[in-house]
Amino acid sequence: MKSLLLRHAQVLVAGLGRLCRHPLSSLLTLGGIGVALAVPLTLYVLVQNLSSVFGDFGDTPRMSIYVDRDAGERAAGLLADRLRDDTQVDRVTLIPRDQGLAQLFDLDALAPLRGRLVENPLPDVLEVMPIAGLDEGGYRELAARLARMDGVGDVQIDLAWVARLRAVTELVAVVVQVFWVLLLGGVAMVISNSVRLSLVTAREEIEVISLVGGSEAFIRRPFLYSGTLQGVIGALVAVVVAMGVHVLVAPALSRLMEAYLGMSTVSFASASTLANVVVASGSLGWLASWITVSRYLRQVLPR
Amino acid sequence: MIRFSQVSKSYGGPKDALSAVTFHLEPGEIAFLTGHSGAGKSTLLKLILVMERATRGQLVIGGINLGKLPRRRIPHYRRGLGVVFQENRLLADRSVADNVALPLVVSGVPHRDVGRRVRAALDKVGLLWAERRLPEVLSGGEQQRVGIARAVVNKPAILLADEPTGNVDDAMASQIMDLFHQFSRHGVTVLIATHDLRQVSRFRPCRHLVLEGGRLLGDRVLAA
Ligand SMILES: Nc1ncnc2c1ncn2[C@@H]1O[C@H](COP(=O)(O)OP(=O)(O)OP(=O)(O)O)[C@@H](O)[C@H]1O
Ligand SMILES: [Mg+2]
């Protein structure tokens with residue numbers, strides 16, 4: 001057992017030695033794998049950030065309640081208190097009609113109207129955030145119930161926005177998956193090619209080892225190690241590249257999310273995701289080199 | 001030890017490379033295989049090594065019927081053979097000692113025994129001093145002897161050699177042949193393909209097999 005471990009360790013070191021002996025071609029291979037995998041990894045981080053935000057409140061449609069203008073000065077405040085007690089309502093924000101008008105005039109296009117209006121045409125508005133987790137019908141029912149409450153003039157609920165957001169995240173998630181498959185396939189091809197090159201260089205060695213009684217498993221082993229190693233190191237390069245991209249892009253993404261969604265925490269992929277990428281890439285390296293070596297041995301050791 | 005019965009080998013050409021070859025070598029026997037270029041000497045050795053499979057006939061080597069030897073058993077079978085090639089086939093990027101160690105490493109001999117047995121084999125061919133060198137800095141004859149050390153390090157029962165003295169002068173050729181005779185005296189069955197008829201007549205007793213156009217035309221025992 002110990003000698004077996006020792007032998008594997010020796011082969012592993014030999015694999016590393018092989019990588020170091022051809023630094024330029026190894027660098028190109030590892031760089032190719034790294035860049036290829038950095039693309040889906042970066043996309044994945046982006047989608048994950050967006051969908052975590054949507055997960056928080058993206059599935060929950062906000063409702064705007066326009067308070068009946070005939071209900072009197074204090075109606076909005078009373079209504080807001082009653083809504084806060086409602087079990088299906090999470091948060092309520094009151095936007096008094098004066099504030100609404102002031103916000104309107106802040107828009108450039110409407111600024112010239114400031115001071116011209118005799119009377120404020122706007123109602124008081126209550127921005128209602130319902131609890132999460134209802135289905136579309138549930139939210140419609142809630143809106144209908146709120147519409148029947150005293151002092152409520154009108155209720156607007158934007159279900160289309162939610163549907164649109166969801167469609168976009170789903171599309172992007174599918175695109176990311178397709179990229180994973182394509183680029184992991186690319187990684188397998190890159191590794192297969194580099195293993196093939198080292199096989200051709202080692203042809204004499206392979207034949208001699210075979211003639212003195214080396215089994216195919218013995219011949220295959222160093223190539224399996226170097227293929228797996230290339231997959232693993234390539235994935236680590238990808239992680240570093242994706243981190244670099246993340247550092248460059250995060251501030252802009254954070255500003256975008258702040259502006260649209262009022263959220264600004266941008267996170268990188270989780271450690272377990274990164275571990276999965278490394279394991280997947282390493283396994284692919286192993287598989288690609290296994291197939292390549294087996295096919296090659298069938299060619300050069302025919303019988 | 002080596003038994004050929006009506007063995008033929010065709011490479012798909014119009015003429016068989018070997019046709020209906022029959023002979024038998026006893027354990028510890030030393031035999032020279034001669035014949036013109038293209039007579040089929042290398043082909044005969046390749047059949048024993050299972051680098052090629054016989055087209056017809058039966059080969060039994062050390063009690064193993066090669067016709068029934070599955071592909072996955074070939075490595076283990078080859079570990080019982082030693083081979084010396086004309087173009088020595090040493091690995092250029094490994095030291096002399098590492099080259100000689102190869103048959104031991106592939107058969108999983110424990111690390112601590114490898115060094116000892118490699119030095120013993122190198123000592124036998126008089127090259128212990130070259131242990132740490134690369135093969136390319138050695139002379140042709142020295143390289144050939146490294147190849148012999150590699151062939152015998154595993155203590156094989158059968159030693160095959162294809163033109164082992166093709167690239168060396170007469171004095172070195174005689175030295176190399178002396179080594180083969182030593183091994184045969186220790187019970188190893190030795191089969192040497194060569195052009196060099198002078199070497200054949202120098203050592204008695206021995207077997208002399210003559211191939212011509214793939215047929216075994218002569219099979220003589222040269223008495224002492
Ligand atoms: N792989 C092969 N494919 C096709 N024909 C081959 C192959 N190897 C050998 N032959 C043919 O088989 C015949 C015997 O070849 P072989 O190499 O056994 O001769 P040899 O006696 O070793 O000759 P030499 O003394 O020149 O080494 C030759 O006609 C050769 O062309
Ligand atoms: Mg030949």
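In chain B, the domain assignment, where the bounds come from an automatic or database assignment, gives domain 1 as residues 1-80 + 157-224 and domain 2 as residues 90-155. Please keep in mind that this is a predicted model, in which local features need pLDDT of at least 70 and side-chain atom pairs count only at pLDDT 80 or more, while totals for chains, interfaces and linings use all residues. Residues are numbered from 1 along each chain as its sequence is written, chains are lettered from A and ligands numbered from 1 in the order in which they are written, and side-chain values use heavy atoms, with hydrogens and water left out.

How far apart do the C-alpha centres of these two domains of chain B lie? They lie 23 Å apart, and the contact, meaning heavy atoms within 4.5 Å, takes eleven residues from domain 1 of chain B and 13 residues from domain 2 of chain B. Between them the two domains bury about 1000 Å², with 71% of it on carbon and sulfur atoms; buried area is the accessible area, taken with a 1.4 Å probe, that two parts lose on being put together, summed over both. On the domain 1 side, B:Arg79, B:Leu179 and B:Phe183 lose the most area to domain 2, together 46% of what that side buries.

Helix α5 (residues 140-152) and helix α6 (residues 170-185) of chain B pack at an angle of about 10°, with their axes 10 Å apart; axes are lines fitted to C-alpha atoms, for helices over the stretch in contact, and angles run from 0 to 180 degrees between N-to-C directions. α5(B) and α6(B) are therefore roughly parallel, a label for angles under 35 degrees, whereas over 145 is roughly antiparallel, 65 to 115 roughly perpendicular and the rest oblique. Among the residues that meet there are B:Ile148 of α5(B) and B:Leu179 and B:Phe183 of α6(B).

Turning to chain A, the axes of helix α6 (residues 159-201) and helix α9 (residues 271-300) come within 8 Å and cross at roughly 40°, which makes α6(A) oblique to α9(A). Helix α7 (residues 203-211) of chain A also packs with α9(A), at about 70° and with the axes 11 Å apart, and these two helices are therefore roughly perpendicular. A:Arg203, A:Ile206 and A:Glu207 of α7(A) make that contact with A:Tyr296, A:Leu297 and A:Val300 of α9(A).

Technical notes:
Helix = DSSP H or I, 4+ residues; strand = E, 2+ residues; numbered from the N terminus.
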